[in-house]
Amino acid sequence: MRSGSGWRLLAPALLLLAVAFVAPVGLMVPTSVRPYVPLVGITGGFTARHYTRLLTDSYYLEIIGRTLVLGLTVTGATLLLGYPVAFFLARTRSRWRNWLTILVVFPLMLNLVVRTFGWIALLAQNGLVNQALQAMGLVDGPVKLLFNFAGLLIGLTHIFLPFMVLVLIGAIQNIPRDVEDAARVLGASWGGAFLRVTLPLSAPGILSGSILVFVLTISALVTPRLLGGPTYQVMSTLIYDEFLQRLNWPAGSAQSLLLTAMVLALIYVSGRLARRTGASA
Amino acid sequence: MSGAAPALRVRRLRKAFGPVVAVDDVSLDAAPGEFVALLGPSGCGKSTLLRMVAGLVEPDGGEIVLAGEDITRVAVHRRNLGLVFQSYALFPHMTVFENVAFGLRRRGVGPPELGPRVERMLELVRLGPLGARYPRELSGGQQQRVALARALVTEPRVLLLDEPLSNLDALLRDEMRVELKRLQERLGITMIFVTHDQAEALVLSDRVVVMEAGRVEQIGRPEEVYRRPATAFVARFLGRANFLAGTVAESGPTGIVVALDGDRFQVVAVPRSGLGAGQRVHAVIRQEAIRLEAAEGAAQRPNNFAATVVFHAFAGQAHHYVIQLADGRELEVATPGAAAPLARGAHTHVAWSPDDVILLPAGPATSGDAW
């Protein structure tokens with residue numbers, strides 16, 4: 001390929017990125033250092049107050065921590081639930097395979113709000129889940145599954161599971177069957193061959209699926225808002241409230257920039273990780 | 001097959017994938033240290049047979065006995081066999097050293113012994129200094145050697161090879177053939193080698209098992225299957241040959257005379273039992289068994305016909321001709337490359353010895369007792 005033709009192929013995507021991502025984020029930088037006076041609005045001048053408050057006030061630190069823990073937990077949950085499904089779908093020769101794949105993707109075809117309201121009906125104090133738990137005698141009173149961490153974890157895991165499964169199917173399909181068979185002929189049990197060969201070779205898929213789900217989780221808005229209620233905040237709902245309820249654009253900008261920085265840092269770290277583990281498969 | 005117990009014995013092995021019977025009632029033995037080639041076109045079941053021996057495919061019926069031990073239901077990883085894949089199937093996330101060490105580690109071979117054994121094996125396949133490389137940094141031939149070393153290092157009872165040379169280019173393939181044969185002679189290991197390349201099978205093996213549509217067509221030494229094919233399929237699959245349809249006119253102690261269809265020509269073959277007058281046969285003559293003779297004087301000898309050259313091509317070690325007999329019948333002929341070529345349109349004579357005529361019963365057999 002001639003040097004230069006690569007840039008031309010990338011140009012449309014780069015242009016879109018510049019207009020839809022770099023420019024808005026760049027515009028937020030000056031806003032985030034403006035003082036904000038309640039009942040007056042944004043004033044002239046410079047202040048680092050929005051950042052220092054974000055990184056010192058325990059209220060904000062708790063929300064940041066909660067967002068990160070939620071992201072990691074949802075990623076872990078989708079990975080644990082998704083890997084066996086993806087492995088099955090990548091390896092099966094069943095004629096139902098295509099239908100099963102559609103079944104995995106099916107939740108994505110329903111409106112997000114509808115799905116989330118479905119979870120509210122299931123997880124509420126006297127919802128189906130609590131009724132079932134009590135009928136089975138597993139709990140004495142209703143368990144709180146809504147407007148807390150458990151609710152968000154369940155809802156977000158459900159919504160992002162298809163993304164994880166689809167990425168993993170591709171990665172597992174790329175592993176030649178012969179390589180697994182070779183490990184077995186050489187004396188590895190099924191579990192040994194899986195741990196030493198299949199799993200390491202699917203690492204690139206695990207990594208990209210995890211980045212995808214993590215980023216989607218920490219930036220999700222609708223599900224945390226509906227399942228977390230007005231008081232159980234994560235960063236995205238906090239930013240939403242800052243901009244649209246309190247009209248404190250400078251604070252909202254600072255929070256947005258922090259979230260963006262967290263995502264970029266994560267992508268950078270995982271990129272390094274991928275190179276070190278030799279994501280060659 | 002001498003008196004020694006076979007290293008590998010396969011009895012009446014069967015495997016069907018849905019309605020397709022991949023391996024149909026196949027039996028064969030391999031003596032210790034023997035090199036056996038499974039030869040056949042793609043889809044003939046030879047790879048399935050090999051994978052059943054390896055334990056990767058479960059047979060529907062029959063048994064596999066390894067050095068006296070029935071392993072038909074033994075799990076793959078407990079069989080202690082070596083298998084070399086067509087794709088090499090190296091572990092891309094491990095170095096060459098780790099690839100070769102994999103089988104030893106699974107057998108609990110520890111550090112004091114592990115290193116030297118791997119190094120010795122890498123030395124044997126001439127990869128000594130490349131242990132720290134990753135498979136993707138090696139050429140096809142080198143990857144092939146890693147696959148071989150990885151399969152041999154555990155000292156398997158039998159080494160199975162599934163078309164191991166067909167991903168190499170022609171020059172390298174010839175080189176690896178020689179290397180493989182030498183390695184086998186040096187280690188004295190029993191090898192079962194799957195290939196669709198008849199030349200490879202003939203060059204490498206002590207015995208050839210020719211398969212077609214899941215069944216064994218013939219088992220024999222390379223000269224045997226080449227010179228005395230049991231069926232038309234074997235005759236066609238091993239080397240190029242001319243098939244002449246006809247009927248046995250005379251069958252006596254001096255020879256068999258076959259009247260070719262069209263009644264103008266007779267082909268004389270050496271005597272053999274089982275073919276009576278009236279039997280429909282194919283007289284099969286290998287292209288290199290046919291001589292081109294300019295002299296008219298030999299016309300009274302058997303199997304000598306006037307002919308015209310209609311096509312000539314030079315292929316280095318041989319001249320390839322298509323010649324036409326007086327009745328319009330065309331024969332393929334190969335003569336040594338050192339001979340002076342005949343031009344297209346040249347008049348000549350073709351001749352072959354009765355020894356070189358392979359007779360195969362054809363059509364409705366009256367006494368279908370082949371060889």
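**Exercise 1: one alanine**

A:Ala13 is exposed, because it has 9 other C-beta atoms within 10 Å; a residue counts as exposed at 12 or fewer such atoms, as buried at 20 or more, and as partly exposed in between, with C-beta atoms placed from the backbone. A quick note: this is a predicted model, where local features need pLDDT of at least 70, side-chain atom pairs count only at pLDDT 80 or more, and totals for chains, interfaces and linings use all residues. Residues are numbered from 1 along each chain as its sequence is written, and chains are lettered from A in the order in which they are written.

Task: find the helix in which A:Ala13 is found.

Solution: go to helix H1 of chain A, residues 5–32; helices are DSSP runs (H or I, at least four residues), numbered from the N terminus.

**Exercise 2: the contact**

Task: work out how many residues the contact takes from chain A and from chain B.

Solution: step one, chain A gives 19 residues and chain B gives 19 residues, where contact means C-beta atoms, placed from the backbone, within 7 Å. Step two, on the side of chain A that touches chain B, H8(A) gives the most, with seven residues.

**Exercise 3: neighbours**

Task: list what B:Leu38 touches, not counting residues up to four places away in sequence.

**Exercise 4: distance**

Task: how many residues apart in sequence are A:Ala13 and A:Val85?

Solution: A:Ala13 and A:Val85 are 72 residues apart in sequence, and 33 Å apart in space, C-alpha to C-alpha.

Notes:
Contact = placed C-beta atoms within 7 Å. Helix = DSSP H or I, 4+ residues; strand = E, 2+ residues; numbered from the N terminus.
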